[in-house]
Amino acid sequence: MVLKTSKRKGAHKDKDLDMSDVSSTSSSTGSVNGDSEEVDTPNDSFLASFDDNMDLLTEKRSSTREKALQNITQNLSTHYMLDELMDGRILTLTESVKGGVKKGNENEALLACKLGSLLAVTVGEQSSDIARDIFPILLDVIKDSEKPVPVRVAAVDTYSIVTFMSEDFEDPDDHNITSSKETAMMLLKELFENSDTPTALSASAIKGWSLLCTQNSTEGIQTDMETTMEGLERCLDSDDLKVRTAAGEAIAVLVDMVHVGTATKDEDEFDYDEEEEESIMTRSTTENLLDEFSIGNVDSSLLMDKLCSLASNSSKTISKKEKGVQRNVFRDVVKFLEGGAPPSLILTIKSQKLPFSDWSSIAQLNAVTQILQEGLQTQLELNGELQNVLGVQLEKGYKKKTLSQSEKRKFLSPNSQIAKSRTKLRTKQRARQNFDAALTNDD
């Protein structure tokens, strides 16, 4: 499966990489080739243009501010600008996020939220200061039912990714403002478990919650499974496709993390022979992984039946396109829960392969891809903070081994001596085979 990121200039619209995009990768590994991409690094003219756009963020006309936000978010996506941001620019941009989300129109608020997400991805664990500044406004927007739903959704996405990228902190002036993963997960859980929450907001909250789950400990995940599985099961009954698929993927993330964490703990505590060790990490195709863990008040058999039903849904009440997306997602979920392998994906950047081979790592990649879009490959190559968070590493100075022009002529050209010798050998082999066949026919 090939992950495509847009290279079109001026492409600002977000495209969510759903788990369905990698649903077929469990059997055939996907690949993204970034060998042909040129890495853009900021130069003087670029920074001058960037600063000009920053100056426009304070203009009174909203259309001018929106255009500046579009240019800045595009630049931050396709360029790695940590040093430039730390050189006095980050405070101005953070203020623009606050002003755009709080006072801007819907389009400006959406762009401001995206800017906040990009700042966090660029700065990494040092984005705690950004979180302190923008979280109060984001939380107000998330909880305000009068705000447009798309703005609330964007606020949830930004809140989730900033929490994911930053270190935990507690504001000394307001203890209610914290980027603690646990606190953020509680808020998101309340959103998607509330039946009055708009479906688009519920889907975003589930994705943000499962993203933060990927950073939780095994013990914390087991607790999450016991307390949250019932709410996720109810979300499977939603009329909205995105809510159903997000809930299914969240269940897979939970089980995958507990399964791997438990197996790793068992390996640390005991010594096994090869056969016993293999049985820990793999399951029979008839086994239901849900039976192995405590999932609160949820009946594992009934939950599995519901997931299987969604994987094979042939109802005429949903469109053919939605039916295909739903089947792809839930077939992967059911296959994994019955003991199969989780989806896998390989990104190829500068001839180096970055594997993503479980539900949690792909969930993290999806979240980052949704923000960076066409800048994904550049950021993964240059952004050490992002590499650390995703658990990947690229060799610096790595170059693909290639043949010189003279070597290509010598070894690959059809007119080379090697090719001519190979042709003569094959001609002799065919003649010998024909001769042997003729003798056999004569007999």
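Axes here are lines fitted to C-alpha atoms over the stretch in contact, with angles from 0 to 180 degrees between N-to-C directions. Helices are DSSP runs (H or I, at least four residues), numbered from the N terminus.

Before going on: this is a predicted model, where local features need pLDDT of at least 70, side-chain atom pairs count only at pLDDT 80 or more, and totals for chains, interfaces and linings use all residues. Residues are numbered from 1 along each chain as its sequence is written, and side-chain values use heavy atoms, leaving out hydrogens and water.

**Next stop: H8 and H9**

Now pick helix H8 (residues 199–213) and helix H9 (residues 218–235): their axes come within 13 Å and cross at roughly 160 degrees. That is why H8 and H9 count as roughly antiparallel. Show the side chains of Ile206, Trp209 and Cys213 in H8, which meet H9 residues including Ile221 and Leu232 (contact means heavy atoms within 4.5 Å).

**Last stop: H6**

Is H6 mostly covered or mostly open? Mostly covered: 14 of its 17 residues are buried, meaning under 20% relative accessible area with a 1.4 Å probe, protein chains only.

Notes. Helix = DSSP H or I, 4+ residues; strand = E, 2+ residues; numbered from the N terminus. Parallel < 35°, antiparallel > 145°, perpendicular 65-115°, else oblique. Buried < 20%, exposed > 50% of the residue type's maximum accessible area, 1.4 Å probe, protein only.
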